[in-house]
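Please read the points below with the model open beside them. They are set out as a colleague's note, one topic to a point.

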Amino acid sequence: MMPYKINYNKEYGYIAVIVEGEFTLSTFKELAADAVRFIERYSCNRILNDMRHASLTKETLDIYHMPKNAKQAGIAPSLKRALVVSEFSSDFHFLETVFVNQGHIVKLFTDINAARGWLLNKEKPIHESGG
């Protein structure tokens with residue numbers, strides 16, 4: 001069984017990705033390739049990543065390479081992505097920082113409704129503090 005599910009949310013107009021279990025670089029590469037098919041099929045530039053039941057790999061270098069792999073898979077840095085996690089951990093904060101530092105629009109949330117609100121808002125992203 002794949003450690004993630006992807007579908008298109010017609011009501012709100014975004015791609016929903018649900019990740020469970022350990023989120024590794026190899027899982028990320030598979031997910032990115034699958035997500036690109038949804039992005040193209042629905043001409044959608046917003047993704048809600050529900051990672052509340054996922055744990056991030058402890059391999060710092062793998063996390064560091066995820067933005068580069070996203071671009072190689074065809075995920076544009078301009079794509080708006082909300083990451084919803086169960087708690088603000090240093091690992092997920094590092095993941096967010098790495099993506100943002102490489103020019104991607106990625107933001108970390110613990111509240112799925114706040115994430116959805118930010119994702120659907122047309123304003124420029126503002127970093128959410130707290131944790």
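1. Helix 1 and helix 2 cross in a right-handed sense, a crossing being right-handed if the near helix is turned clockwise from the far one by less than a right angle, and left-handed if anticlockwise. Helices here are DSSP runs of H or I with at least four residues, and strands are runs of E with at least two, both numbered from the N terminus. The model is a predicted one, in which local features need pLDDT of at least 70 and side-chain atom pairs count only at pLDDT 80 or more, while totals for chains, interfaces and linings use all residues. Residues are numbered from 1 along each chain as its sequence is written, and side-chain values use heavy atoms, with hydrogens and water left out.

2. Two packed helices are described by the angle between their axes and the distance between the axes. For helix 1 (residues 25-42) and helix 2 (residues 60-73), the angle is about 25 degrees and the axes are 10 Å apart. That angle makes helix 1 roughly parallel to helix 2, a label for angles under 35 degrees. The axes are lines fitted to C-alpha atoms over the stretch in contact, and the angles run from 0 to 180 degrees between N-to-C directions.

3. On the helix 1 side of this contact (heavy atoms within 4.5 Å) are L25, F28, K29, A32, A33 and V36, which meet D62, M66, N69, A70 and A73 of helix 2. These residues divide into 8 nonpolar, 1 polar and 2 charged, where Ala, Val, Leu, Ile, Met, Phe, Trp, Tyr, Cys and Pro count as nonpolar, Asp, Glu, Lys and Arg as charged, and the others, Gly among them, as polar.

4. Helix 1 has 18 residues and reaches 25 Å from its first C-alpha to its last, close to the 26 Å expected, that span being 1.5 Å times one less than the number of residues. Just after helix 1, S43 takes a positive phi of about 45 degrees.

5. L25, with a relative accessible area of 13%, touches D62, M66 and N69, not counting residues up to four places away in sequence. D34, at 16% relative accessibility, touches M2, Y4 and I6 under that exclusion of residues up to four places away in sequence.

Note on methods:
Parallel < 35°, antiparallel > 145°, perpendicular 65-115°, else oblique. Buried < 20%, exposed > 50% of the residue type's maximum accessible area, 1.4 Å probe, protein only.
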